[in-house]
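Student: I would like to learn how to read a structure like this one. Could we go through it feature by feature?

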Amino acid sequence: MNDMLSARGGGMEAKMVKRNVLLNPGPATTTDTVKMAQVVPDICPREKEFISIMREVEEGLLKIVHADPEEYAAVLFCGSGTINMDICLNSLLPADKKILIINNGAYSSRGAEICEYYGLPYVNLKLPLDKQPDLALIEQTLQENPDIALVYTTHHETGTGLLNPIREIGALVHRYEGVFVVDTTSTYAMRPIHIAADEVDFCMASAQKGIMAMTGLSFIIGKKSIIEASADYPKRSYYCNLYMQYEYAKAHGEMHFTPPVQVIYSVRQALEEYFAEGEENKWARHCRVFQAIRAGLTELGFKIYISEDQESKLVAAALYPDDANWDFEKIHDYCYERGFTIYPGKVEKLGMFRLCALGAIDRKDIEDFFMVFREALQKYGVAVPVKYSDRS
Ligand SMILES: *Cc1c(COP(=O)(O)O)cnc(C)c1O
């Protein structure tokens with residue numbers, strides 16, 4: 001009897017899980033049903049039962065971006081979202097060719113850093129961080145560098161909230177016969193994406209963002225013909241090679257190495273909830289959450305870094321006020337203790353914090369947040385509406 005108990009771990013009562021509202025840019029607030037979906041009988045991932053779940057998940061992931069399964073594959077990896085960036089950049093560059101990084105934020109800069117680490121030849125097209133890129137400049141770069149084979153950018157620069165016009169950039173890339181890789185980690189399953197119409201060859205995300213599941217699974221969705229062509233490209237990583245993983249999944253229906261088993265159960269549940277809510281309804285919900293964020297910040301006098309016509313409607317980066325009493329850590333801690341998480345910004349030398357519209361939250365959560373946030377400002381003596389000295 002005692003042996004039995006210790007093998008089961010003891011303490012089996014169902015636990016109530018406290019609900020936190022995460023306004024950081026992922027992991028996102030999840031539903032209880034997604035949390036609980038991870039609690040399943042132990043299973044070896046080589047079992048047919050598990051392999052059929054993998055297939056279901058791959059199909060759902062393709063469907064989210066309207067990808068034709070004849071033409072596109074979803075390739076799964078165990079890791080956080082950055083693994084996708086690493087894999088696409090190191091796997092999809094033919095010998096003697098170059099990458100173009102369209103760089104207007106922290107995530108594209110990370111792409112450039114990956115090129116540095118692998119010693120890949122690349123052009124780092126650094127552009128202003130607070131506005132959409134000048135397409136003529138991108139075209140000029142493609143013209144001047146006919147050996148560019150792969151163009152990489154970020155759909156939504158999560159550090160600031162800037163949205164990049166991927167369809168227009170993609171059309172340009174394809175006119176110059178390049179492969180277009182887009183980091184869609186912070187838009188996938190939120191802003192509707194139509195992979196073919198949006199001129200995207202490869203997109204990517206991780207389970208803890210748009211689909212609102214757990215951390216540990218990432219996935220790349222891309223053109224099979226290009227992945228197959230990459231079989232002959234230089235191999236630059238063993239664990240992080242796109243073709244190897246694709247080929248293995250095609251042959252065996254599973255990931256090459258141990259998958260994050262329980263996370264995949266949470267993903268299956270999250271996909272079910274995604275399709276039940278529906279693409280349009282979910283995007284409408286993110287938009288109303290974002291509008292509540294924008295309205296709340298504006299009412300308190302905060303300046304938002306990205307203008308309304310260039311923003312993703314998923315992340316608002318608010319500039320720190322010029323007030324000696326403003327202390328992000330203290331305000332953060334006050335909110336955190338009351339179940340709300342806010343997050344610092346990501347632009348060097350500019351003090352800002354972010355509020356994000358990801359996750360299983362709605363307008364009411366934002367209204368509740370602003371009551372707490374306003375209390376925090378009051379408690380620490382930050383003047384409301386907040387003040388800015390002349391620096392605009
Ligand atoms: C979250 C995110 C990533 C991945 O970051 P991880 O910390 O590795 O999960 C990549 N790109 C963008 C745009 C993101 O928002």
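Tutor: Start with a term: a polar contact is a pair of N or O atoms within 3.5 Å. Keep in mind that this is a predicted model.

Student: How far is an oxygen atom of the ligand from an N or O atom in the side chain of Thr82?

Tutor: The distance from the ligand oxygen to the Thr82 side-chain atom is 2.5 Å. In the side chain of Lys209, an N or O atom lies 2.8 Å from an oxygen atom of the ligand. For Gln208, a polar side-chain atom is 3.4 Å from a ligand oxygen.

Student: How many residues surround the ligand, and which are the closest?

Tutor: The ligand is surrounded by 14 residues. Ser80, Thr82, Thr158, Asp183 and Lys209 are the closest.

Student: Next, helices. What describes two packed helices?

Tutor: Two numbers do: the angle between the axes and the distance between the axes. Take α6, residues 135–144, and α7, residues 166–175. Their axes come within 10 Å and cross at roughly 20°. Angles under 35 degrees count as roughly parallel, so α6 is roughly parallel to α7. Their crossing is right-handed.

Student: Which residues make that contact between α6 and α7?

Tutor: From α6 come Leu135, Ile138, Glu139 and Leu142. The α7 side consists of Glu168, Ile169, Leu172, Val173 and Arg175. Sorted by class, six residues of this contact are nonpolar, three are charged and none is polar.

Student: At what angle do α3 and α10 pack?

Tutor: The angle is about 45°, and the axes of α3 and α10 are 10 Å apart. The two helices are therefore oblique to each other. Here the crossing is left-handed.

Student: Which residues of α3 and α10 meet?

Tutor: On the α3 side, they include Phe50, Ile53, Met54 and Val57. Among their partners in α10 are Ile264, Tyr265, Leu271 and Phe275. The contact of α3 with α10 has 13 nonpolar residues, one polar residue and three charged ones.

Student: Now the backbone. Is the peptide bond from Gly26 to Pro27 cis or trans?

Tutor: Look at omega, which is near -5° for the bond from Gly26 to Pro27; this bond is cis. Pro27 sits in the loop between β1 (21–22) and α2 (32–36). The bond from Val384 to Pro385 is also cis, with omega near -5°. Pro385 belongs to the segment after α13, which covers 363–379.

Student: And is phi of His66 positive or negative?

Tutor: Phi of His66 is positive, near 55°, and His66 is a residue other than glycine. To find His66, go to the loop between α3 (48–64) and β2 (72–78).

Conventions:
Residues are numbered from 1 along each chain as its sequence is written. This is a predicted model: local features need pLDDT of at least 70, side-chain atom pairs count only at pLDDT 80 or more; totals for chains, interfaces and linings use all residues. Side-chain values use heavy atoms; hydrogens and water are left out. Axes are lines fitted to C-alpha atoms, for helices over the stretch in contact, and angles run from 0 to 180 degrees between N-to-C directions. Helices (H or I, at least four residues) and strands (E, at least two) are DSSP runs, numbered from the N terminus. Angles under 35 degrees count as roughly parallel, over 145 as roughly antiparallel, 65 to 115 as roughly perpendicular and the rest as oblique. A crossing is left-handed if the near helix is turned anticlockwise from the far one by less than a right angle, and right-handed if clockwise. Contact means heavy atoms within 4.5 Å. Ala, Val, Leu, Ile, Met, Phe, Trp, Tyr, Cys and Pro count as nonpolar, Asp, Glu, Lys and Arg as charged, and the others, Gly among them, as polar. A residue is near a molecule or strand if one of its heavy atoms lies within 4 Å of it. A polar contact is a pair of N or O atoms within 3.5 Å; within protein, one must be able to donate a hydrogen and the other to accept it, and residues adjacent in sequence count only if both atoms are side-chain atoms.
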